[in-house]
Amino acid sequence: MRLKQPLIPLPKEQAQERKRSRRRSQLHKWALQFVQLAVGLWLMAMMLLQSAIWTEPFPHDLFQKSTLSLVLQDRDGAFLFEKPSPNGRFGNWLPQGRIPRHVRITTLAAEDHRLYEHPGVDIKAIARAVWGNWVQGFRRSGASTLAMQLIRQLHPRPRTYRSKVIEMYWALVLQLHLKPEGVLREYLNRAPYGNRVQGIHRASLLYFDRPAADLSLGQAAFLAALPWGPSYLNPFHKSGRRRAWSRAVRILQRAQQLGMISRQEHKEALQDPIKIESKPQRSLSSIHFTQRIQHNWRQRGKRRPEQRITTLRTTLDLHLQKKAQATLRKKLREVRSFGAGTGAVVVVDHRTGDILTYVGSHSYFSKKEHGAIDYIQVKQSPGSTLKPFVYAHAMQRLGYTGSTLIADVATGFLWRHGSYNPQNDDSRFLGPLRLRVALGNSRNIPALKALAAVGVSRTIRWLRGLGLRSLNRDAEHYGLGLAIGSAEVRLMELVRAYAILARGGKPLTFRWALAARDSLGRPRNPSRLLPHLFGHPLPEESPSLKPQIARVMADILSDPMARIPSFSRYNSLEYRYPVAIKTGSSQGYRNAWTMAFSDRVVVGCWIGSHDRRSMVGISGTKGCGPVVKAVMKEAMKRVEPHRPPQTFPAPEGWTQQHVCPLSGQPAGEHCPGSVEEWFPPDHKHKHATCPFHRRLRVDRRNGLLAGPHCPLPHVARLPFVSVPPRYSSWAASLRMPQAPTSYSPLCPSQGSKQVASTLRIRTPLNNARYLMDPTVPKAFSTIALQAETQQPLQQVVWFRNGEPVGQTPWPYTMRWALERGTHRFVAASPDGQVRSKPVVIHVK
């Protein structure tokens, strides 16, 4: 049996070394386990992260926030106004979503040249940023990729490490769904470029006045530098422009280093002159027009961002707009001392409905006259500007023509249980007037008679069919005064009504947009954009005005001879080419109007004040006439200037005939002259020839009618004007000699029959009611008593309640002082054989 030898103890140093070795082995084991655990956890975290990223839905709500603004241009592309997006910035997207080569190169070189290599988060960049920030001791780089910057733009957060982690997560989600190309496109459409601009395409238009596709390499690098510090690198400031170019140089150098551009391209880009366009300013003359679009802008339906309209080319002619406003201001300076405060001007191409000029006031910023109000849309009394439509309605419904005779004499109308006794503006009466002359002279009485004949209610409905929708009250409210300004309408409504006249009765729908493009630059149809913005569309299939009537009215309104004697020749209403024109002045000269149209445009002008104060003698002719003439002249230069102005078309199927200027009937051999007038084919004249002008055989010895057997030496054939009895007062005011009605006793007519005479009281009207003003002296509180008779009488005796109150010769008119009570009047011949029907009036 072998004995065990005793263990020899190790030296102390060796024991300690072995102990340390065992400890190191244990630490290595623990370190390996820790690394394995960390790797496992990291892999698990990556798997969970990847799973979360793959299952995370695309954040559509972030991309639904519109960054698109709306740019308004005039018809020639000049800048008018830009309506900002909901976030208050101005943005536009790359046309067709295509990224230009120069834009792609410079943006990647500046922000994320490894975009197509990482999944949305650049680990290398993060490591480099962490090391650089630790070495420098402060935060120098954030290592943000384009996807992370895009997330920050879509959902801004505080600049913290926690926010950075969240941005990384969503950057991975975005790049997974959008792919690198989509991330780059969205970034370029939403990145800030200073001066409230979002998107490189909008920035390119602002700073270089060209689309992004046309940018040079140097210009693209300049824009790519701006998102780093939009305010610090502001291109509109000299210092900011210099700093932006310095950064652009570094971007170009880096692009060359990365092999994105050649040395030659780099050299040419550095020599590229960078010229910044001047900052576009809103057109102050068109604020009312653009403001109306801005306040009413609503895109139809819930359009996706890429379908939203971002550019609108309107119908406005900015050059003509400025000229019209300057003309209006000049005129207002001349008449301001007479009480005029502001005005408005509208020009429309009546062939297309294009609104060429929209001057809402003389100055938007005038606080004194409240210039911010759009007076084109304010209801005002139209004065006489509705008279052409009253006559047109009478022509269309009652068969009136331009030669229809209407009496311009003192006339009373019963309305609302009272008597309405209107006057003409000049307080004169012109007697028998043809419709053409009555309209040309803008007489009140004939217009009221035409309206009374056709009916107020019927006329209101007809006018509403012409687009005058402000007439929303009944006939009792307006009364006969509708023809002379008792209603209130808008200038835009009047312009359309006169445009319908110019178009031969065809309805007109205003057009304010010529072309539109969406956020991707694709053309869109602008016809459905706010069709009611400047007036409700009228149905094309049921025109209210017949073409022939419209042509006749245009002919009358363009006839300068029809305006005599109320308007002089060669004033602001006459042009060198055919222009139909109508003026109007409301009661107390509170509103002055002029409406005119040529073969291509309609011009409407209003002058007044914000508080509707009276002006001193500023009529439509004095106030608006010169403005309309100057604007019409400029508009004719702008709208087809190379085409000579054309005369207005003749009414189809109608013929011209010669008529007597006084009676309106076919001219006879005794008429001193004749004028031409249009008549429909089925028109029948009341008389074969003029009944007013006659030559009578008169006994030279006493001035009475000469019988057939009167000796020729005693007979003279003298001309006489015999007017109907209703014109007797007018004839008397002109001292017109009366034709004899009885035969001379020296040579009577054998077998002549005496025609029975009749009497009729013209004024006052039966059942008229009068209110006495206690402040007016009794001697001035009078009314006219006027009678007319078929056969002349020597005298007419007036009876009140059976008692005679006066006796008058021809024209059988007297004044009677009002007395309270009910009064019964009768007119009779001196012998009492001829008596009128009684007329009862009430005085309070």
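A salt bridge is counted here where a side-chain nitrogen of Lys or Arg lies within 4 Å of a carboxyl oxygen of Asp or Glu, and the structure holds 32 of them. The model is predicted, so that local features need pLDDT of at least 70 and side-chain atom pairs count only at pLDDT 80 or more, whereas totals for chains, interfaces and linings use all residues. Residues are numbered from 1 along each chain as its sequence is written, and side-chain values use heavy atoms, with hydrogens and water left out.

**Salt bridges across the chain**

- D317 and R638 meet through their side chains in a salt bridge of 3.0 Å, N to O, and this pair links distant parts of the chain, with D317 in the loop between β5 (309–314) and α12 and R638 in helix α21, 321 residues apart.
- D317 counts as buried at 5% relative accessibility, while R638 is partly exposed at 33% (buried means under 20% relative accessible area, exposed over 50%, and partly exposed in between, with a 1.4 Å probe and protein chains only).
- R436 and E677 form a salt bridge at 2.7 Å, N to O; R436 lies in helix α14 (residues 435–440) and E677 in strand β18 (residues 675–679), so the pair ties together parts 241 residues apart in sequence.
- Both R436 and E677 are buried.

**Strand pairing**

- Strand β24 (residues 796–800) runs antiparallel to strand β27 (residues 821–828), the two being joined by four bridges (strands pair if DSSP finds at least two bridges between them).
- β27 also pairs with strand β28 (residues 839–843) in the antiparallel sense, over five bridges, and G821 stands opposite V843 in β28.
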